Amino acid sequence: MAEPPNWLNLDHVWLPYAQMADAPLPLPVVSASGVRLRLADGREFIDGISSWWTACHGYAHPHIVAAVQKQAAQLPHVMFAGLAHEPAYTLAARLAAKLPGDLGRVFFSESGSVSVEIALKMALQYWRNCGEPQRRGVLAFRHGYHGDTFMTMAVTDPDVGMHEAFRGIVPGALLADLPRDEASAAALDELLEREAPRLAAVIVEPLVQGAGGMRMHDAATLARLRETCDRHRLLLILDEIMTGFGRTGSLFACEQAGMVPDIVCLSKALSGGTLPLAATVAREHVFAAFLGSEFERALMHGPTFMANALACAAANASLDLFEGAPRLAQVAAIERQLARDLEPCRALPGVRDVRVKGAIGVVELDAPAAPLRAAFAERGVWLRPFGNIVYLMPPFVIDPADLDTLTAAVREVVGEWSRTGHAAKGSGDVV
Ligand SMILES: *Cc1c(COP(=O)(O)O)cnc(C)c1O
């Protein structure tokens with residue numbers, strides 16, 4: 001392998017979720033297109049995880065590149081208060097048209113965590129505006145992940161969010177098990193019987209809990225949650241940051257349950273994996289609670305770079321591709337191929353589960369999976385196992401041959417691990 005490029009060292013950069021004392025040097029990427037990452041030494045990697053699940057159309061899609069270039073030359077950014085630009089207003093209207101029900105009021109921000117913070121602020125202030133200010137708590141679910149900022153840590157399962165260091169600062173959340181069956185539904189009802197009067201909202205990742213281990217639940221669970229929230233007069237916030245834009249097989253996961261949340265959070269694939277952008281979208285009855293003659297009823301939030309014009313142009317171009325290209329059919333084909341080609345892993349000693357939903361394929365092990373990272377890199381595939389899972393979330397444009405390369409690598413690496421006693425130990429077990 002060639003020498004690393006001269007800029008690549010760990011003298012000044014602080015890496016995410018990393019113990020810097022022994023952090024391995026990251027791979028230097030010089031360009032990317034389609035599903036391929038090109039490294040400084042000329043090697044090409046097939047990307048199986050779409051850069052934290054964002055690059056749904058692959059890298060450097062010409063339609064998005066052209067839209068961003070045009071926008072950059074014309075108007076990269078203006079403040080969103082007092083000034084308006086077409087890409088954001090068009091994007092808001094397009095999102096409203098695509099989301100189910102009357103989810104129609106779009107508040108833009110720049111990251112997933114912030115969009116969740118905004119959803120939580122909306123929910124709490126909604127009840128204050130409705131004359132029930134005692135409703136300030138939020139119920140979240142075990143294995144859920146909603147972000148790394150303070151309030152999003154509060155609604156993230158502490159075992160997932162690793163916010164032990166902030167105990168006492170992060171407000172304690174009410175955590176419950178998902179209502180997957182009659183028993184857990186009854187337990188949730190009983191909890192809410194007691195707690196609902198002090199709660200503002202319930203927050204959940206629909207169909208797949210992502211960073212908490214790619215745990216899947218069915219549409220009936222989601223539909224049950226909607227009924228439960230209605231029964232206890234709670235707002236239901238769906239965090240579709242990972243699931244939104246086709247990943248689970250429908251444009252939004254909630255469509256599969258035929259339900260409409262009160263507030264939905266979008267980010268990750270919103271701009272096709274190109275620029276930071278997020279949206280918190282509320283239904284009309286939520287929005288209406290903020291109207292009135294008193295200024296205090298208004299939502300007090302406004303990120304400096306909200307609705308950045310470059311990011312909105314990229315998101316509009318991404319939506320063009322969802323409209324003009326057969327993305328959901330591609331997801332369905334990926335789902336079939338993943339189900340068929342990951343299934344053999346199930347029989348391997350040490351493999352706990354194999355599961356697939358949409359363009360998400362998971363092989364769950366009985367031991368930490370992060371130590372397998374190096375073996376994937378040696379095979380020229382970019383995967384980043386975490387916790388005890390090896391997972392694939394490829395760009396939707398991946399062709400069957402490249403997906404074959406990815407699933408074959410998973411079968412080989414997990415097979416090798418299984419044969420050699422699957423005693424993998426190691427650190428770095430985060431997403
Ligand atoms: C990634 C993610 C977040 C946080 O988004 P950031 O942009 O990293 O702040 C929140 N919720 C879910 C479900 C996510 O996958």
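A quick note on the source. This is a predicted model, where local features need pLDDT of at least 70, side-chain atom pairs count only at pLDDT 80 or more, and totals for chains, interfaces and linings use all residues. Residues are numbered from 1 along each chain as its sequence is written, and side-chain values use heavy atoms, leaving out hydrogens and water.

Back to the ligand. A polar side-chain atom of Ser-113 lies 2.6 Å from one of its oxygen atoms. For Lys-268, a polar side-chain atom also lies 2.6 Å from a ligand oxygen. Gly-112 uses a backbone N or O atom, 2.8 Å from a ligand oxygen.

Now the rings. How many aromatic pairs does a search of the whole structure find? It finds 10 (ring centres of Phe, Tyr or Trp, its six-membered ring, within 6.5 Å; planes under 30 degrees apart are stacked, over 60 edge-to-face, the rest tilted). Take Phe-150 and Phe-166: edge-to-face, 5.6 Å centre to centre, with 85 degrees between the planes. Phe-150 is partly exposed at 43% relative accessibility, and Phe-166 is partly exposed at 32%. Here, buried means under 20% relative accessible area, exposed over 50%, and partly exposed in between, with a 1.4 Å probe and protein chains only.

Next, Phe-322 and Phe-396. They are edge-to-face too, at 6.4 Å and 75 degrees. Phe-322 is buried at 12%; Phe-396 is buried at 1%.

Conventions
A polar contact is a pair of N or O atoms within 3.5 Å; within protein, one must be able to donate a hydrogen and the other to accept it, and residues adjacent in sequence count only if both atoms are side-chain atoms.
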